[in-house]
Amino acid sequence: GLSAGPAPIHTIVKKLPALMPKAVDALEVLGRLYVHRHMFSHAAYLQLLLGERLNVSEGDPSFVSLEKRQQHLLDAMRLAKSRSQHQGLQSPDSEGFSNSLLDALQCKVEIIAFQIRLVDSLTSKASSCESELMQVGGEYNIPRQSIDRLTELVNKGVHENISMLIQTELGNLITADGQERLTQLLTSYAGYAMKTLNLVTTFFSLEDLYNDFARPECMWVLCLEMLHLAQFSDVQMIKDHWDMCLFAAIKESVDGQSLSAACSIVRDLGNNFYPNDVSFPMQHLVQRLEEIAAGIWPAGEGSPASSDVHKLIPKTLLEVCGASERLRYVYDTLIERHTTTNVLRLQYLKSVIVVLEFAKMEMLKSKSDFRSTPGILSTRPLREAGLLVELCDKYLLQAQSLSSDLDLNLDDLVSSFERVKNLDK
């Protein structure tokens, strides 16, 4: 049996088999004994073993659900944190355990959360597929119980030859055209069912979840989160994933809401990824969002966004960054890039106004803070004010040039830069 003595538990047991409920209860008692003796790492490692134990088929008394695995891992992480808080105490808990235990557990907690999300997504896809099967069955006057019988057989693992299965179960009830449609849908359903079954019974590695489930199913948001957790460093591949993610958001959006849908994705993931430059390639994302707003990306797919939403992009990025400096640099780089078209440059100038207005508020607040703090001297507000005026002058000239080149009246844009320049208002 497992010892509560001096030998570290991870030197005794590396993997647990599938366990009956009574065996799990006994190990939970051992875990509480470890905690009582301030052996938090031992207790954490025991919960990790329980969370990663081997599994059996669903319905067996020894079956362990993903949610139960997740709870074991969360308990393990809590106990590992307790170990960190008690490191200064005299305790038998210091021998044989690496300080990386907590980091490893935090990673595993995120991985199990990914796996649960994959199950939810695949279950939803299977449900949609089943609804379509019922609909097609209705079109060909196939009894509902016959469709239920087909999905039941697939759920039991009978999916080697879907076409033959349909022919066997339905016989002359279905036409050749109907059989083809049902075969296609039931094949998709079988794929979702098989993947869901694998995910429910086995705790997969991050690499397997990405390669075997998330990537083949084009779950781009999940893919990006997995690559971020893995600290993936291929910049171009990350950008390609972002493009697919934004494209999917546009495709799924309702008419006229493509930019809002794309900005929502950038905001949600950005709050998690920023300031990681690899996972969150800001310049690439700003360019893509502005191209969506201009109706030029994806090629042949979009139409220009209405003028009243041009503030959405900079506001989204400012919400992620929390400050204007980085975003000012990104827009300045894009505006000055020689390959930028006049149409896109105009788009950038309209957005950078919002960024400069935010920078002006930051500068005025900083100036006020320094004035109200006795004994503090700083030239930073003055430097910021000078830079702000310099940028406004530069962009003002560009706006005037574009007005001539594009034969457009850009007086409102020019006056916006003039207004930001006026630091007294």
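Colleague: Why is N141 called exposed?
Modeller: The relative accessible area of N141 is 68%. Exposed means over 50%, buried under 20%, and partly exposed in between, with a 1.4 Å probe and protein chains only. The model is predicted, so local features need pLDDT of at least 70 and side-chain atom pairs pLDDT 80 or more, while totals for chains, interfaces and linings use all residues. Residues are numbered from 1 along each chain as its sequence is written, and side-chain values use heavy atoms, with hydrogens and water left out.

Colleague: What makes D407 exposed?
Modeller: Its relative accessible area is 67%, which puts D407 in the exposed class. D407 belongs to the loop between α16 (380-405) and α17 (411-421). Phi of D407 is near 55 degrees, again a positive value in a residue other than glycine.

Colleague: Is D243 buried or exposed, and how do you know?
Modeller: D243 has a relative accessible area of 12% and is therefore buried. D243 is part of helix α10 (residues 235-252).

Colleague: What makes the pair D243 and R288 a polar contact?
Modeller: Their side chains come to 2.9 Å. A polar contact is a pair of N or O atoms within 3.5 Å; within protein, one must be able to donate a hydrogen and the other to accept it, and residues adjacent in sequence count only if both atoms are side-chain atoms. The value of 2.9 Å is inside that limit, so the pair is listed as a polar contact. Apart from neighbours within four places in sequence, D243 is in contact (heavy atoms within 4.5 Å) with H284, R288 and W297.

Colleague: Why is S253 called buried?
Modeller: S253 has a relative accessible area of 18%, which is why the residue is classed as buried. S253 is in the loop between α10 and α11 (258-273). The side chain of S253 reaches the backbone oxygen of I250 at 2.7 Å. Not counting residues up to four places away in sequence, S253 touches S258 and A261.

Colleague: What class does S205 fall into, and why?
Modeller: S205 has 34% relative accessibility and therefore counts as partly exposed. The loop between α7 (176-201) and α8 (206-214) holds S205. A polar atom of the S205 side chain lies 3.2 Å from the backbone nitrogen of D208.

Colleague: And what class is given to R337, and why?
Modeller: R337 is at 28% relative accessibility, so R337 is partly exposed as well. R337 is in the loop between α14 (325-336) and α15 (342-371). Leaving aside neighbours within four places in sequence, R337 is in contact with Q283, Q287 and R345.

Colleague: How are α1 and α2 oriented to each other, and why is that term used?
Modeller: Helix α1 (residues 21-36) and helix α2 (residues 40-51) have axes that come within 7 Å and cross at roughly 160 degrees. That makes α1 roughly antiparallel to α2. Angles under 35 degrees count as roughly parallel, over 145 as roughly antiparallel, 65 to 115 as roughly perpendicular and the rest as oblique. The crossing of α1 and α2 is left-handed. Among the residues making the contact are V24, L27 and L30 of α1 and F40, A43 and L46 of α2. By class, the contact of α1 with α2 has nine nonpolar, three polar and one charged residue.

Colleague: Why are α5 and α6 called oblique?
Modeller: Helix α5 (residues 144-155) and helix α6 (residues 162-170) pack at an angle of about 140 degrees, with axes 11 Å apart. The two helices are therefore oblique to each other. S146, R149, L150, L153 and V154 of α5 meet I162, L165, I166, E169 and L170 of α6. That contact has seven nonpolar, one polar and two charged residues.

Note on methods. Axes fitted to C-alpha atoms, helices over the stretch in contact; angles between N-to-C directions. Helix = DSSP H or I, 4+ residues; strand = E, 2+ residues; numbered from the N terminus. Nonpolar A, V, L, I, M, F, W, Y, C, P; charged D, E, K, R; others polar. Left-handed = near helix turned anticlockwise from the far one by under 90°.
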